[in-house]
Amino acid sequence: MGSEHRPSQKVKKALEEYRAKRDFAVTPEPKDSEGSKSGRLFVIQKHDATSEHFDLRLELDGVLLSWAVPKGPSLDPATRRLAMRTEDHPVAYGDFEGVIPEDEYGGGTVMLFDQGRWEPNDDPHEGLEKGKLSFEVKGTRMKGNWALVRSGNVGGGDRESWLLIKEKDNHTGQKDLADKHKTSAVTGRSMEEIAQEESPEGQG
Ligand code: MN
């Protein structure tokens, strides 16, 4: 994943909003990084911020495209889950699990809920523009074909709202992944364990 490599100008530009929102002297979140070897990192982070949500991230062009999914993915193709597009994140974020200090942007506990690879089923650049991404997820928990469909803008603002929908295949189900799994896919820790072990000094 090579944080020793300096990110390209294009990646730096894509991460401007990410960097502007954070004080890296305070938050343990990664500052920037170059893309992964596969170029197709997939990650979901469970994030206990102001309200709990799941951050879905798909690597494209050296950054992680990101959506905040309040209820997490549903395995039922009939259930559409709201997914709010958020700022692109550095690829190194795909390994981040820990605690963002309370007064910082996104303050709260972050758990690596799933990690793996993804493959677009169509041209992803065209899909982003047209507002429909169809893709296959190869995570340890989330699998099979999924779609992200743009549905509008949150509150008429510049934040895009999308819907995350399970496509029909043999990875559908009734129970939510968020109900099935309560621990980190990478470290096996619960949200409480992460919060206790990784709380910054002087907090709480
Ligand atoms: Mn988040």
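Q: Which residues does Val 186 touch, if residues up to four places away in sequence don't count?
A: Touching is about contact, that is, heavy atoms within 4.5 Å. Here Val 186 touches Leu 112 and Gln 115, with residues up to four places away in sequence left out. Just so you know, this is a predicted model, where local features need pLDDT of at least 70, side-chain atom pairs count only at pLDDT 80 or more, and totals for chains, interfaces and linings use all residues. Residues are numbered from 1 along each chain as its sequence is written, and side-chain values use heavy atoms, leaving out hydrogens and water.

Q: Where is Val 186 found?
A: Look in the loop between α4 (177–180) and α5 (191–198). Helices (H or I, at least four residues) and strands (E, at least two) are DSSP runs numbered from the N terminus. For a sense of scale, Val 186 and Lys 71 are 115 residues apart in sequence and 21 Å apart in space, C-alpha to C-alpha.

Q: Is Val 186 buried, partly exposed or exposed?
A: Val 186 counts as partly exposed because its relative accessible area is 44% (buried is under 20%, exposed over 50%, partly exposed in between, with a 1.4 Å probe and protein chains only).

Q: And Ser 33, is that buried or exposed?
A: Ser 33 is buried, since its relative accessible area is 1%. You'll find Ser 33 in the loop between α2 (16–20) and β1 (41–48).

Q: What does Ser 33 touch, again skipping residues up to four places away in sequence?
A: Its partners are Pro 7, Val 11, Gly 62, Pro 90, Val 91 and Ala 92.

Q: Which backbone nitrogen lies 2.9 Å from a polar atom of the side chain of Ser 33?
A: That's the one of Ala 92. The backbone nitrogen of Val 91 also has a polar atom of the Ser 33 side chain 3.2 Å away. A polar contact is a pair of N or O atoms within 3.5 Å; within protein, one must be able to donate a hydrogen and the other to accept it, and residues adjacent in sequence count only if both atoms are side-chain atoms.

Q: Which residues coordinate the manganese ion?
A: You look for donors: N, O and S atoms within 2.8 Å of the metal (3.2 Å for Na, K and Ca), though sites may look incomplete as water is not among the atoms. In this model His 47 (ND1), His 53 (NE2) and Asp 55 (OD) coordinate the manganese ion, at 2.2 to 2.3 Å.

Q: What spacing do the donors of the manganese ion follow along the chain?
A: The spacing is H-x5-H-x1-D.
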